[in-house]
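Visitor: I would like to learn how to read a structure like this one. Could you take me through a few features in turn?

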Amino acid sequence: MRIKLDRTLCDGFGICGVHAPESFSIDEWGYASLAAPLAGSGEVPTREEDGVRRAVLDCPVHAITELPEAGRPVA
Amino acid sequence: MRTNVPAGARIATAYPGISPRLLSSGAEDEDIGAYRSGGGYRPLGDAEAFVREVEASGLRGRGGAAFPAGRKLRAVRDHGAEPVVVANGEEGEPASVKDRWLMRHRPHLVLDGLRLAALGAGTRDAHVYVSDPRSRQSIERALEEARRDPAFAIEVSVTQVEPAYVAGEETAVVQAVNGGPAVPTDKPPRPFEEGVDGRPTLVGNVETLANLPWVQRLGASGYRALGTERSPGTFLMTLTSPGGTGLHEIPFGTTLRSVLTWAGEDVGSVRGFLMGGYFAGVAGKDALDVPLDYDAFAALRSGLGCGAVAVLHRDDCPVATSAAVMAYFARENAGQCGSCFNGTAAMSAVLESLRDHKASAADVERLRGWSTGLRGRGACGTLDGAANVAAALLREFPETVAVHLDGRCGPCAAGDVRLEPPSAALEPAGHGP
Ligand SMILES: Cc1cc2nc3c(=O)[nH]c(=O)nc-3n(C[C@H](O)[C@H](O)[C@H](O)COP(=O)(O)O)c2cc1C
Ligand code: SF4
Ligand code: SF4
């Protein structure tokens with residue numbers, strides 16, 4: 001599973017970091033970036049896939065999108 | 001408070017012993033006749049061979065990231081879909097004047113470079129992206145002339161936006177050319193994957209493009225006759241000092257000491273520099289003797305960036321300068337990413353209280369944490385630039401930081417420090433903005 005996170009949309013609710021703490025790194029103001037293992041590729045560690053799926057659904061501003069393996073966001 | 005003296009006679013001079021490639025020796029406003037008779041707008045025979053020549057030339061991007069221009073051309077050429085090329089002349093960096101100078105005075109050199117980039121990439125679709133009205137006029141006048149020349153062979157449209165620091169970032173460029181606001185978008189996709197009209201897009205700085213006619217004319221090995229192995233050729237340095245702004249064409253590998261001596265600056269009173277525009281932060285005096293080369297400055301953990309260098313003199317305080325630059329970032333970020341608008345505001349608050357001798361050691365430790373922890377957390381590089389400014393101050397001037405915590409800083413006590421960050425003036429006083 002590959003994802004992207006749009007930091008220009010993120011509103012700092014920090015929900016993703018609760019669902020998938022190894023995939024999302026939350027700053028001291030609550031804003032998310034992809035954590036180091038995902039940086040660049042967006043590739044989610046297998047054991048976090050369920051949590052990341054919940055984050056994709058729960059993010060109130062839809063800042064997290066799943067990518068197809070090839071690169072373009074899933075429409 | 002120090003004010004920046006407008007540029008005087010030092011504007012636009014080439015380092016001694018080289019024949020300038022980018023700065024013109026002749027007429028102010030380049031016309032197509034002069035440009036063509038000097039060897040410009042040569043037909044491009046084999047585009048693939050030209051791209052190989054650019055790769056072999058080692059030309060690196062002058063917009064700040066020093067990315068190999070040949071590799072970028074190759075990526076869009078081999079992508080599959082027909083690409084678009086964009087000349088980025090926005091020059092949001094306040095310490096830099098080179099791109100506007102090139103567009104105002106050497107529009108045909110820039111357009112010839114854009115033509116070669118387009119043909120090399122395998123397209124006829126090109127854009128010029130500007131904010132400076134005089135640059136736009138100059139480019140449009142030159143375009144009228146060039147379009148009558150069959151060798152020009154490309155379609156160019158011009159996009160003008162309001163000047164802003166972030167407006168020249170490549171995803172802001174793409175979004176604005178597509179009709180949206182000139183603010184960055186998060187990656188992926190990067191422009192070379194999906195840019196203008198959804199097509200693979202090469203965004204090239206105008207100075208980078210202005211080197212392409214020279215690669216065509218001289219070939220890769222002739223191009224490499226100046227510069228260093230890893231930073232071939234010459235670059236335009238915007239040099240800002242209390243004496244004014246100079247725009248100089250310098251072969252890579254020269255030292256700042258040589259440049260300053262030649263430019264008539266008092267090297268003995270240099271305390272340090274602000275490097276790479278606002279992006280790399282302050283550097284100490286040891287930068288005087290490091291060859292001006294992208295990798296040599298990266299090894300110092302500094303950077304040449306877009307080639308803008310501001311001199312800090314004995315009576316400047318690096319804490320005050322860094323605070324002024326950070327305040328600029330806190331004001332001019334695009335306000336889109338939480339880590340960026342919160343992080344720049346927090347770093348700015350600490351640097352301003354440090355400047356005013358009101359910060360605690362704990363504040364400085366928080367600054368140190370942000371200077372590494374905030375890196376990479378913005379959609380664009382602005383937050384990384386801000387983190388660099390904090391990190392560079394703490395690394396290069398620890399004693400001055402300590403004096404601001406526990407003592408009394410001399411230049412600051414004298415009341416002569418900068419409250420505004422250094423900025424460069426494009427024309428001598430009385431010659432317009
Ligand atoms: C905040 C920010 C502002 C930038 N502003 C400019 C600019 O004004 N002009 C420019 O050419 N590049 C600018 N860049 C760099 C561009 O994103 C891009 O790398 C460059 O235009 C590519 O050209 P080059 O490879 O020829 O250097 C900026 C980058 C950042 C992160
Ligand atoms: S859940 Fe969405 S809004 Fe909240 S921190 Fe994560 S990305 Fe940002
Ligand atoms: S990192 Fe800062 S300047 Fe860049 S897009 Fe985000 S908020 Fe804007």
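Visitor: What is the order of the strands in the open sheet of chain B, and is the pairing parallel or antiparallel?

Guide: Note before starting that this is a predicted model. As a general idea, strands of a sheet pair through backbone hydrogen bonds, either parallel or antiparallel. Here the four strands of the open sheet in chain B run in the order β4-β3-β2-β5, and the pairing is parallel.

Visitor: Which strands are at the edges of that sheet?

Guide: In chain B, β4 (155-160) and β5 (201-205) are the edge strands, each with a pairing on one side only. From one strand to the next, the twist averages 20 degrees.

Visitor: How many bridges join β2 and β3 of chain B?

Guide: Five bridges join strand β2 (residues 84-89) to strand β3 (residues 125-130) of chain B, in the parallel sense.

Visitor: Which strands does helix α8 of chain B lie across?

Guide: Helix α8 (residues 206-223) of chain B lies across β2 and β5 of chain B, and its direction makes an angle of about 90 degrees with β5(B).

Visitor: Now a single residue. Where is B:Leu300 found?

Guide: Look at the loop of chain B between α10 (294-299) and β10 (308-313); B:Leu300 is found there.

Visitor: How much area do chain A and chain B bury between them?

Guide: The size of an interface is often given as the accessible area lost when the parts come together. Chain A and chain B bury about 1,400 Å² between them, with 46% of it on carbon and sulfur atoms. On the side of chain A, the residues that lose the most area to chain B are A:Arg7, A:Thr8 and A:Trp29, together 45% of what that side buries. By contacts, 15 residues of chain A meet 19 residues of chain B.

Visitor: Which residue of chain B forms a salt bridge with A:Arg7?

Guide: The partner of A:Arg7 is B:Asp186, and their closest N and O atoms are 2.7 Å apart. The count between the two chains is one salt bridge. Eight residue pairs are in polar contact across the interface of chain A and chain B. Within chain A, β1 (2-5), β2 (24-26) and β3 (32-34) each supply at least two residues of the side that touches chain B.

Definitions and conventions:
Residues numbered from 1 in each chain as written. Chains lettered and ligands numbered in written order. Predicted model: local features only at pLDDT ≥ 70, side-chain atom pairs only at ≥ 80, totals over all residues. Heavy atoms only, no water. Pairing = 2+ DSSP bridges. Axes fitted to C-alpha atoms, helices over the stretch in contact; angles between N-to-C directions. Contact = heavy atoms within 4.5 Å. Buried area = accessible area lost by both parts, 1.4 Å probe. Salt bridge = Lys/Arg side-chain N within 4 Å of Asp/Glu carboxyl O. Polar contact = N/O pair within 3.5 Å; in protein donor to acceptor, adjacent residues only side chain to side chain.
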